Amino acid sequence: MRKNRILLAATVAIAALGCVASQNNAAEPSLKNVFKDDFVIGAALNYKQAMGQDPKAEAIVAQHFSTISPENLLKWESVHPSPGTYNFKPADAYVALGKKHKQFIVGHALVWHQQTPNWVFEDQAGKPASKAQLLQRMEEHIAAVAGRYKGQINGWDVVNEALNDDGTLRKSKWHQITGEEYLAKAYEAARKADPKAELYYNDYNLWKPAKRDGAIKLVKSLQDKGLKVTGIGMQGHYGLESPSLAQIEESIIKFSALGKVMITELDIDVLPNPSNRQGADIDATFEFDQKYNLYTNGLPEDVQQKLAKRYADLFALFHKHRDKISRVTFWGVTDADSWLNDWPIKGRTSYPMIFDRNYQPKPAFQAIIQAVNKK
């Protein structure tokens with residue numbers, strides 16, 4: 001009898017704890033509701049998440065985000081790996097997920113110098129393709145990919161990372177073969193494929209004055225030709241201290257004269273970086289060195305608080321300029337998903353997001369809410 005009473009008491013206690021947990025979860029503020037009058041807020045999804053193989057991540061995406069971006073599955077090598085061959089299954093699942101949760105769906109990226117197969121730039125003999133051949137391939141690719149999702153994907157990163165940090169055009173294979181012509185042709189093709197979709201230019205380090213000025217020059221030149229460039233995506237691959245809020249703010253203000261401003265690919269690297277965090281070029285990789293992998297057993301509390309303050313300060317800035325910013329997108333859902341676990345050094349334990357490896361909100365999550373609620 002006593003044993004039964006103990007079991008009953010334990011059952012009641014567990015039920016009560018479950019109820020409290022449920023109430024706490026329900027009481028947890030939703031980011032998309034916090035910012036519903038300001039800008040859409042979102043995350044980039046990986047293959048498993050897009051394919052419905054990470055239900056815990058999907059629960060976070062459904063509760064907190066009003067927009068999604070694809071991390072890799074719409075890049076050329078993923079969706080169009082060989083001539084005449086398209087792999088739309090992951091992208092179809094990604095778009096279906098966004099529709100399911102009534103989110104603003106972003107496409108990333110139609111034209112980029114990375115993650116584009118070599119065959120795109122070569123003729124049948126393996127020599128450099130002609131200008132006409134490369135432009136035709138690009139236009140056909142955009143027509144097939146953006147055209148498939150016409151009316152479903154709401155905005156596209158049409159051209160990604162076409163600039164050097166000094167503001168000059170990157171001498172990519174696109175540029176080597178076509179000169180500047182590929183830029184205009186890309187936006188022409190994207191608009192033709194889906195006239196109603198928003199069309200963006202996206203790049204990193206746009207807080208740097210020279211690169212910012214180069215982006216303004218590039219986008220203005222396209223718009224002056226009558227081409228549709230809806231806005232500029234400022235990749236937010238930041239550190240705990242750099243860039244300064246003033247540098248980010250200056251770019252937000254200047255870019256807003258050309259159209260919508262988006263904070264894309266937002267994450268904060270808390271680990272030391274051998275490149276001194278001078279860029280986000282995926283070619284800039286380094287050999288593993290333990291001195292750049294400090295927190296294998298968890299993030300120390302003082303660093304956790306620095307991360308929280310950095311996110312709070314950034315979101316206070318974004319909220320201040322909510323009349324200019326249309327979207328803020330984290331580059332991943334949890335710490336486990338982040339590309340910073342493998343860049344610029346493979347095999348690191350990184351902590352750049354606001355949800356941890358157990359799918360739980362970090363102090364940075366609450367810091368963001370508090371920073372905005374103080375306004």
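Mentor: Two strands pair if DSSP finds at least two bridges between them, and helices (H or I, at least four residues) and strands (E, at least two) are DSSP runs numbered from the N terminus. This is a predicted model, in which local features need pLDDT of at least 70, side-chain atom pairs count only at pLDDT 80 or more, and totals for chains, interfaces and linings use all residues. Residues are numbered from 1 along each chain as its sequence is written, and side-chain values use heavy atoms, with hydrogens and water left out.

Trainee: Okay, which strands run in the closed barrel?

Mentor: The closed barrel has eight strands, in the order E1-E2-E3-E4-E5-E6-E7-E8, with parallel pairing.

Trainee: And how many bridges join E3 to E4?

Mentor: Strand E3 (residues 104-112) and strand E4 (residues 155-160) run parallel and are joined by five bridges, and Val 111 stands opposite Val 159 in E4.

Trainee: Switching topic, where is Asn 341, and is it buried or exposed?

Mentor: Asn 341 sits in the loop between strand E8 (325-330) and helix H13 (363-373), and it counts as buried because its relative accessibility is 9%, where buried means under 20% relative accessible area, exposed over 50%, and partly exposed in between (1.4 Å probe, protein chains only).

Trainee: What does Asn 341 touch, then?

Mentor: Leaving aside residues up to four places away in sequence, Asn 341 touches Asp 335, Ala 336, Lys 346, Gly 347, Arg 348, Thr 349, Ser 350 and Arg 357, a contact being heavy atoms within 4.5 Å. A polar atom of the Asn 341 side chain lies 2.8 Å from the backbone nitrogen of Ser 350.

Notes. A polar contact is a pair of N or O atoms within 3.5 Å; within protein, one must be able to donate a hydrogen and the other to accept it, and residues adjacent in sequence count only if both atoms are side-chain atoms.
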